[in-house]
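Please read the following report with the sequence and the 3D view side by side.

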Amino acid sequence: HCVTQLLKITASRCRALRRSPVKPRPPRRRQAGATTPTPRRTGRCTAQPAPLPWPPPRFPSARFPSGLGESRRRRDAQRGGRTFPHRQDGKPTDKGSDDILAFAFSPSGDYFALTDDSKRLILFHTKPSWECVSIRSVSRRCTSLIITAAEDKILIADKSGDVYSYSITEPQADGKLELGHLSLLLDVTLSPDDQYILTADRDEKIRVSLAKAPHNIVSYCLGHKEFVSKILVIPNYPDLLLSASGDSTLRLWEYKSGEEVYCCHLSSICGPETTKTDQKYPVSRITYCCQGGYVAVLCDGIPTVYIFQLDAIAQQLVYRQQISLKHKVWDIAFEETGDLWILEEDSEAPLQLYRPCDGQWKPVTDDKGLQKMSKYLQDNWTVFEGFVGAESHYSSLYKASFDNMAAYLQRKEERLQQQKKKRQDLQCGSNGQTKKMKTEESLL
């Protein structure tokens, strides 16, 4: 700190010397009989700078008048420059596009929370009618959120790797930092009893932490080779965790101990449906039905829904069916009865309903609820037009690999061949010179 203050003092003095004009010093009068001393050349400057004060003075923190920011913005507007929106405390706000990034219902359905691209957390009370309870700001754009089973907190995972909790009982309270990762968080969930917080990040890790003391890490579930996109604690088997990753696998865990009990490679199931040999299957959605233990999986960019059944005794997933569709699928959801809802990227028939019949899901067209919802989506399709044909955001999450070993070996081989050729040329030249000298000696 002292060195920093000394450098500041020196810099301020140098600036002051540059600004002030240098006045010539008037010549000194010599007394009669005095001789002018001859200066000695020592090769170095003999002028000594003025001593700096010690200890260095304490500088107060820089505080600007309250109207300075406003006058600066007014001046920028008069000049036609770019202006930025500011909050009441004078800090610039990051205005987003108001796109919804994550949302969740509470277990009872009484609350609904969402976060958007403008870094807002909006909480609604749904019963008896929808009512906005609070609008709070978050520090980073969020990737996932969940409401506790007790319906007293909202847990939010953001892009910086942190998890914040926001109170529902105190809807205007600020968020509290619960835990943090060193990588981008992609999903967060809770155990059914709210005792454990489970988080998944881009660096292939699943962390299990105690909810009451999140700094206490219970276990890590390690085994995925790419980012972990989705995690789900099985509701009627609360000791089992289902995870999906960019490495095209579904894995089943006993998450309290971090032990992997089953792994399913989606490429072996989805392979015949695609023509690309290097096709990847990042899972974008997982939904679970307690009645029958069915799991529906949606892969990003593939218009097919894959249905598995959980065998809890053998601790494995049994493949049952795949539902092929004509358009890109945005979302899937199970009802408690086992009906499967599918939202497609199709303005004419955006919603599909599949109902189980003899262990197979078949399309339903005469359902009144389906007709009502489809009519509503068709009338408000302009809301979805901005997302039609949107690119996948999972492609940017894969690790970039650089295989420069082959190029290195090729350059090395070329260099060795060049060196060998040079040695051969030198040897041929020396042999020719020796023969020439022998010929001349024989002539003499």
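In the largest nonpolar core, which has 22 residues, the members that touch the most other members are Leu250, Leu266, Val283, Val295 and Phe308. A nonpolar core here is a set of buried Ala, Val, Leu, Ile, Met, Phe, Trp, Tyr and Cys residues joined through side-chain atoms within 4.5 Å, and buried means under 20% relative accessible area, with exposed over 50% and partly exposed in between (1.4 Å probe, protein chains only). At least two residues of this core come from each of β14 (240-245), β15 (249-254), α3 (267-270), β17 (283-289), β18 (294-299) and β19 (304-311). Helices (H or I, at least four residues) and strands (E, at least two) are DSSP runs, numbered from the N terminus.

This is a predicted model, in which local features need pLDDT of at least 70 and side-chain atom pairs count only at pLDDT 80 or more, while totals for chains, interfaces and linings use all residues. Residues are numbered from 1 along each chain as its sequence is written, and side-chain values use heavy atoms, with hydrogens and water left out.

An open sheet of four strands runs in the order β1-β2-β3-β4 with antiparallel pairing, where two strands pair if DSSP finds at least two bridges between them. Its edge strands, each pairing on one side only, are β1 (100-105) and β4 (131-137).

| Strand pair | Bridges | Facing residues |
|---|---|---|
| β1 and β2 (residues 111-116) | five bridges | alanine 104 and alanine 113 |
| β9 and β10 (residues 196-201) | five bridges | aspartate 187 and alanine 200 |

Strand β9 (residues 185-190) is largely enclosed by the rest of the structure, because six of its six residues are buried. With β10, strand β9 forms a hairpin that has five residues between the two strands, and aspartate 194 in the turn has a positive phi of about 65 degrees.

The loop between β1 and β2 contains serine 106, which is buried, with a relative accessible area of 5%. Its side chain reaches the backbone nitrogen of aspartate 110 at 3.2 Å. The serine 106 side chain also makes a polar contact with the side chain of glutamate 151 (3.2 Å); such a contact is a pair of N or O atoms within 3.5 Å, and within protein one must be able to donate a hydrogen and the other to accept it, while residues adjacent in sequence count only if both atoms are side-chain atoms. Leaving out residues up to four places away in sequence, serine 106 touches Tyr111, Ile147 and Glu151, contact meaning heavy atoms within 4.5 Å.
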